[in-house]
Number of protein chains: 2
Amino acid sequence: MNPVPHPTRLIALDWGTSSLRAYRLGANGQRLELRALPWGVMQLPEVGAEANAGFEAAFEQACGDWLQAAPATPVIAAGMVGSRQGWCEVPYLNVPIAVDQIGGSLHTLRNRHGQIIHIVPGLIENSPLPNVIRGEETQVVGVLALNAQRNNTVADHQRPENTLIGLPGTHSKWVQIHHSAMHSEVSHFDTFMTGEVFAALCGHTILGRGMEAAGSNADDAQRAFERGLNVAQTPAGRVGVLSTIFSTRTLGLTGVLDGAGQREYLSGLLIGHEIAALKNMLQEQDRLPERVMLVGETALCERYTRALYVYGFKNIDVVQQATERGLWQLALSAGLLNKAE
Amino acid sequence: MNPVPHPTRLIALDWGTSSLRAYRLGANGQRLELRALPWGVMQLPEVGAEANAGFEAAFEQACGDWLQAAPATPVIAAGMVGSRQGWCEVPYLNVPIAVDQIGGSLHTLRNRHGQIIHIVPGLIENSPLPNVIRGEETQVVGVLALNAQRNNTVADHQRPENTLIGLPGTHSKWVQIHHSAMHSEVSHFDTFMTGEVFAALCGHTILGRGMEAAGSNADDAQRAFERGLNVAQTPAGRVGVLSTIFSTRTLGLTGVLDGAGQREYLSGLLIGHEIAALKNMLQEQDRLPERVMLVGETALCERYTRALYVYGFKNIDVVQQATERGLWQLALSAGLLNKAE
């Protein structure tokens with residue numbers, strides 16, 4: 001057999017609640033192939049009663065042929081696959097934690113064919129209101145690796161002390177990174193359920209009823225979103241989000257917003273409350289970041305970028321491919337890639 | 001025919017979104033009879049395509065026989081029956097407004113038999129985030145009437161300047177009453193969607209999933225509720241409700257709260273955020289009330305009473321029968337009861 005032109009160096013799985021993405025990565029983590037499968041941890045293929053049969057089947061569909069072609073390739077997986085509902089529960093690591101310690105704490109699991117899968121642990125912050133992430137720690141590692149690569153030429157005195165990494169989605173996570181001469185550390189993180197609350201309010205409360213009416217044009221929608229964004233910093237906004245959301249309805253009743261406008265307004269209002277609260281907290285902690293990096297779906301990152309500017313944040317970048325880069329980086333620091341050619 | 005021992009003086013309808021309550025009231029507003037029907041404005045009897053046929057049929061079921069027995073009896077109705085989705089849209093009155101002006105602004109509607117029905121208008125506050133009530137204005141009138149009756153002996157210097165009336169429910173309304181020598185005025189009101197948000201979070205987000213586990217005993221449930229109540233006044237609580245609600249899940253994950261405990265905790269957490277925000281706003285407006293009066297379902301009023309005490313409010317009373325008393329009072333000040341024997 002001729003040698004493959006792009007040999008597989010790592011199989012990297014991003015295995016969440018509702019989807020499974022499998023990356024075949026080559027030299028330097030270059031993406032050779034990507035498969036998106038619907039087999040999230042909560043919706044596995046139905047293949048008999050055997051324990052973990054669904055995980056086994058999904059795994060084989062995702063990368064069985066890749067492993068057959070290159071049997072020695074290491075496999076790494078991050079996300080809800082390591083949760084209590086996952087293939088194998090992997091305990092959380094405690095925050096604060098140095099970012100480069102995460103790669104040294106991977107868990108191993110053997111599938112029914114003896115294949116080893118390295119699973120990335122999530123992080124927990126055991127504060128009075130505990131907080132957890134699982135999957136986002138990998139994106140954080142990826143963001144920092146991509147950034148280190150890009151900033152190799154930055155002089156020491158220009159290096160930031162605090163970076164804030166935002167991961168908007170169903171739940172948005174805001175991860176504070178504190179940089180020192182020694183290392184970068186995850187010092188604190190917060191969860192906001194903004195995306196899921198938005199969906200629940202639109203789908204299952206009276207606020208959704210007014211949204212059925214005819215749509216705005218793009219300019220009106222944009223204005224409605226901006227109007228919502230600003231509410232949290234007005235005097236009326238200080239009464240809090242449980243109250244301000246009702247204005248979605250009353251601005252409809254009074255003819256100010258049409259149906260689509262109400263939807264955009266509510267989106268802006270919730271994101272604005274999130275960013276206002278975040279900023280307030282960072283100010284109180286004296287941890288306002290020198291830069292903000294966002295990872296997530298493009299349209300959502302645009303919404304958050306606008307919100308961050310409205311609330312006075314600066315140096316905001318949207319980072320692509322953080323997950324695959326994070327999985328590569330973790331495999332590297334775990335020593336999984338040493339033996340590869 | 002012999003004279004009826006308790007002649008009907010007023011037929012009073014509390015006609016909301018999901019139910020219709022009909023009161024037959026006698027001398028001094030004494031309740032002679034009550035009918036609770038499922039015919040809310042959004043779920044009327046299905047009786048053919050004629051405009052308003054559902055309203056007509058519901059009305060006849062509610063009080064047709066009462067009117068037949070006493071044809072001259074005035075009829076008054078409050079609630080969503082006067083909304084855009086109601087029998088007849090009645091414009092809102094603007095706040096601030098003197099409480100005794102409301103009775104002078106009833107709308108009249110004639111049903112298909114020529115019977116006049118007097119409809120109470122709702123209130124609107126046209127602030128940057130407009131606010132509306134419809135039905136609660138009647139309860140406010142009732143609370144103040146009941147209170148005036150009870151406090152007839154209170155010396156002038158003991159009379160409060162500010163009363164706060166709380167109407168917890170799917171949406172809770174907080175109505176500020178400012179008393180002067182001349183009159184009592186609705187000066188401002190707020191809406192919190194706490195009840196509906198709680199239901200949407202329990203029923204349609206990940207927070208509900210953890211609540212399916214086995215239940216607490218009553219003491220544990222009470223402790224979980226109190227734990228939630230306090231969150232908004234802790235340092236961690238200042239990051240706001242979009243973030244703190246996630247602790248419902250993490251306190252489950254970390255084994256602190258069982259399923260029923262998570263539900264109680266979330267209830268307390270939301271109500272706590274509501275009351276904390278309310279207090280904050282009242283302090284900024286310099287309108288902290290001398291007393292608070294609550295109207296609503298008994299168990300819910302108990303929850304709010306505990307929350308109000310936790311956040312330092314004093315002189316809290318729960319008021320019964322505010323709706324029927326309000327309808328009576330409005331009929332009285334509208335002059336509808338003058339001609340009755």
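**Figure 1. Polar contacts and salt bridges across the interface of chain B and chain A.** In this predicted model, 13 residue pairs, both members at pLDDT 80 or more, are in polar contact across the interface of chain B and chain A. The rule also finds two salt bridges across this interface. In a salt bridge shown here, the side chain of R238(A) meets the side chain of E284(B), with a distance of 2.7 Å from N to O.

**Figure 2. Elements of chain B that touch chain A.** Two or more residues each are given to the side of chain B that touches chain A by the strands β10 (131–133) and β13 (184–192) and by the helices α3 (194–204), α4 (206–209), α6 (241–244), α7 (247–253) and α8 (259–284) of chain B. The largest share of this side, seven residues, comes from α8(B). Sorted by kind, the residues of the side of chain B that touches chain A comprise 28 nonpolar, 13 polar and nine charged ones.

Figure 3. The contact draws 50 residues from chain B and 50 residues from chain A. Between them an area of about 4,000 Å² is buried, and carbon and sulfur atoms give 71% of that area. On the side of chain B, the residues that lose the most area to chain A are L129(B), L242(B) and F246(B), which together make up 18% of what that side buries.

**Figure 4. An open sheet in chain B.** Six strands of chain B form an open sheet with mixed pairing, in the order β3-β2-β1-β4-β8-β7. The edge strands, β3 (31–37) and β7 (107–110) of chain B, each pair on one side only, and the twist from one strand to the next averages 25°. Helix α1 (residues 53–69) of chain B lies across β1, β2 (20–25), β3, β4 and β8 (116–119) of chain B, and α1 runs at about 155° to β3(B).

**Figure 5. A parallel pair within the sheet.** Strand β1 (residues 10–15) and strand β4 (residues 75–78) of chain B run parallel and are joined by four bridges. Within this pair, A12(B) has I76(B) in β4(B) as its bridge partner. In a regular strand the side chains alternate between the two faces of the sheet.

**Figure 6. An antiparallel hairpin in chain B.** Strands β7(B) and β8(B) pair in the antiparallel sense over four bridges, and H107(B) stands opposite I119(B) in β8(B). The two strands β7(B) and β8(B) form a hairpin with five residues between them, and in the turn G114(B) has a positive phi of about 85°.

Methods:
Residues are numbered from 1 along each chain as its sequence is written. Chains are lettered from A and ligands numbered from 1 in the order in which they are written. This is a predicted model: local features need pLDDT of at least 70, side-chain atom pairs count only at pLDDT 80 or more; totals for chains, interfaces and linings use all residues. Side-chain values use heavy atoms; hydrogens and water are left out. Contact means heavy atoms within 4.5 Å. Buried area is the accessible area (1.4 Å probe) that two parts lose on being put together, summed over both. A salt bridge is a side-chain nitrogen of Lys or Arg within 4 Å of a carboxyl oxygen of Asp or Glu. A polar contact is a pair of N or O atoms within 3.5 Å; within protein, one must be able to donate a hydrogen and the other to accept it, and residues adjacent in sequence count only if both atoms are side-chain atoms. Ala, Val, Leu, Ile, Met, Phe, Trp, Tyr, Cys and Pro count as nonpolar, Asp, Glu, Lys and Arg as charged, and the others, Gly among them, as polar. Two strands pair if DSSP finds at least two bridges between them. Axes are lines fitted to C-alpha atoms, for helices over the stretch in contact, and angles run from 0 to 180 degrees between N-to-C directions.
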